[in-house]
Amino acid sequence: MLRPSRRSLLRFGGVAAAGTVGALAPARAAYTPDTAFVLLRRRWREVTAGPPHDPRARPYRALGRAAARHLATMAPRSSSLWPDEPFPSSTVTPGRLRTMAHAYVIDGTGLTGDPALAAAVEQGVAHYRRHVYAAGADPVGNWWHWQIGIPRALLDAVVLTGADDPALAESADHFVPPRRLRHYTGTSTAANRVDLCLVTLLRAMLTDDHARAELAVSALAPVLVPVSEGDGFYRDGSFVQHTSVPYQGGYGVTLLSGLATLYAVLRGTPWELADGRVFDLVERSFAPFVRDGACMDLVRGRGISRRSWGDHERGREIAAAVLLLGESAPAAYRQRWQAMVKGWAVRGTYRPMLEHAAPALHARLAPIMSDAAVPAAPEPVGHRLLPMSARAVHRRPGWCAALSMASDRIGHYEHGNGENPRGWHTGSGLLYWWADGHGDHYSDGFWATVDPYRLPGTTVSTRRLPDGAGEAWGGTRTPWRWVGGATDGTYAAVGQHLSGLESTMEAFKSWFFLDDAVICLGAGITARDGVPVETIVDNRRTTAPLTAADGWAHLEGHGGYVIPGQQLRTLRESRSGGGVRRDYVTLWLDHGVDPRAASYQYTLLPGADLERTHAWAADPGRVRVLANTARLQAVHVPARRLTAACFWNAGTAGGLTASAPCAVLAQEHADGTATLTVADPRRDLAELAVTWAAPVTGLLRGPARYSGRTLTFERLGDLEGGSVTVTLRLDTG
């Protein structure tokens, strides 16, 4: 173990009380402290330490044990700082130093304020800097480690412990010069930009550098500006990184956490942030993809392949960022967010949020969980369609479904750095769904063991693909623009013109999201790969009994399926991967080898019992399929007086006529009104005319012109695939 230097002991001798963050800031004898930076460093330590908490709680003791192990086993050599991590390591060695620094400032670790720990961090940082992260050294491997991962950890450790290492500033300047923040391009966008700003701000704290602090704050400005292409946030709530990967559950978490930290740390300093747009991101971009505390995999990119329960880990990180950001938000936001996160925690029973929380989350969540004045918000109900990222989430009482598609903007999947090499078909219409009691379905070994050619909801060519097929980092887009749909916030008509990954397969797929069902249609399924093409009705990780009959099937404890006029194939198997074995029940439709214009129709009934599944199958009039072709797919729901259609071309169905490709929802209401919702998934219509044969007598409100039962919408392409709804008056006489 490293022994503290006399200089360190002198500097830390003034620590008054363990856990009192303000007392951890050492006096600097070499110069007169800049009061702005004294405040900034104190705020950084306060935010890291978190609010007052029970120091006996598990996460603080666990942090202390980890730091104690690192302290006891540190053995500096020219080739390593720890024997099990030889240089050059990626971020493991800096991360251990950062863990030790966190144990120093966080109360309850058993090492809070320990001068020997602080001295070891200081000497460990200096050792790593001399042998690896020296000014003038050549970076090896991934740029991210040298410009973000390593400097963030080292600088954080130095600021938290108050170490004196001016040479680290030179190293940071070498690898992260100010010009990295000069242009908002390349690897200096979105989450990477926020990280680079954090590194620059920490670097400014080392030498009280006002210019760098100003740069760190001003360079954040582009992050919150809505984009129409590439990395960043879109008006519909989408967040994209790596140009074509929806990433709220990966880079997005990093971005939100970084912004929350910056808003909290800079509050009350000369660089306080005032842009309120960040507060709207929580409910528009992140909350739609969190269910019962877990972040849905369809916005986690290549991260889905890393380990089991990664979705719950990311959910906790989002919760931590939301609660921290709430400390800088107006009271109305803060109250809603606390109730929302408490609801996640109450319902998230598979990996209880508080039990598995890191110190930063635990300190903020524990008092909320015990505060009866903070309600646990229920799971919301409604539909969220994010066309710019080809994603949809449908929530109903007792169940939830989410859809992942690929388009001309969004890749089939992301692989890179050896991760997620078999995620080939996750953009081929993968339909996730959760009923009550199945919050762990995609968490516990699913991605390590599931058949990657048989993901639920997808239509795929069974042509064998190599690991990492297609361009890395999400560069697996399709040529098709018609991907998206229309939603009124309750129901939705969503479609995907699909091309198979490295395949000749083409298909037109539609999903109609209703109160208690998802109607799934496919048409124009064509391929010339010389292998069978399949549509996977479902692939459940379960040992539950399956009941199958003519036209329907039921999986006990999960839900039902209605498959009229088609032969449903079933398979029960046990699969291994990643050191675990899991059982699966697979249901699929075989379209044969090289199909020409094949089609399918099935209904998913999440959470339905055997009786309800049988009743649905016995009543084909519940939902009438009006069309299922490569030109048009449409359904009518008599009980809801609802017609929904995906027009791949101009056409007519169920009294609706569209002049151009579009998605439409039309519904008559009991109060004598009707609503018509339209969208332009291709994002290029200057004008769209929709004629409805309902007894419409006039337009009550909405952006359209009405004449003779025809509504004309202009410039739908400007909505970037978003929906527009008009309200109509009906003749009830």
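Where is histidine 636 placed? Histidine 636 sits in strand β25, which covers residues 632–637; strands (E, at least two residues) and helices (H or I, at least four) are DSSP runs numbered from the N terminus. The views below come from a predicted model, in which local features need pLDDT of at least 70, side-chain atom pairs count only at pLDDT 80 or more, and totals for chains, interfaces and linings use all residues. Residues are numbered from 1 along each chain as its sequence is written, and side-chain values use heavy atoms, with hydrogens and water left out.

**View 1. Histidine 636 and its polar partner.** With a relative accessible area of 17%, histidine 636 is buried. Here buried means under 20% relative accessible area, exposed means over 50%, and partly exposed lies in between (1.4 Å probe, protein chains only). The side chain of histidine 636 meets that of threonine 643 in a polar contact of 2.9 Å. A polar contact is a pair of N or O atoms within 3.5 Å; within protein, one must be able to donate a hydrogen and the other to accept it, and residues adjacent in sequence count only if both atoms are side-chain atoms.

**View 2. A salt bridge between arginine 41 and aspartate 208.** The closest N and O atoms of this pair are 2.8 Å apart. A salt bridge is a side-chain nitrogen of Lys or Arg within 4 Å of a carboxyl oxygen of Asp or Glu. Arginine 41 belongs to helix α2 (residues 35–49) and aspartate 208 to the loop between α8 (190–207) and α9, so the bridge ties together parts that are 167 residues apart in sequence. Arginine 41 is buried at 5% relative accessibility, and aspartate 208 is buried too, at 12%.

**View 3. Arginine 212 in helix α9.** This helix spans residues 210–218. Is arginine 212 buried or exposed? Its relative accessibility is 16%, so arginine 212 counts as buried. The side chain of arginine 212 makes a polar contact of 3.0 Å with the side chain of aspartate 209.

View 4. The side chains of arginine 314 and glutamate 317 come together at 2.5 Å, N to O. Glutamate 317 is partly exposed, with a relative accessible area of 31%. Elsewhere, salt bridges that share partners join Arg291, Asp292, Arg347, Glu379 and Arg395 into one network.

View 5. Most residues other than glycine have a negative phi, and most peptide bonds are trans. Alanine 390 is buried at 0% relative accessible area, whereas alanine 597 is exposed at 58%.

**View 6. A cis peptide bond at proline 88.** Phenylalanine 87 and proline 88 are joined by this bond, with omega about -10 degrees. Proline 88 is found in the loop between β2 (85–86) and α4 (92–105).

**View 7. Glycine 475 in its loop.** The loop runs between β12 (459–461) and β13 (483–487). Glycine 475 is partly exposed, at 25% relative accessible area. Its C-alpha atom is 8.7 Å from that of histidine 242, a residue 233 positions away along the chain.
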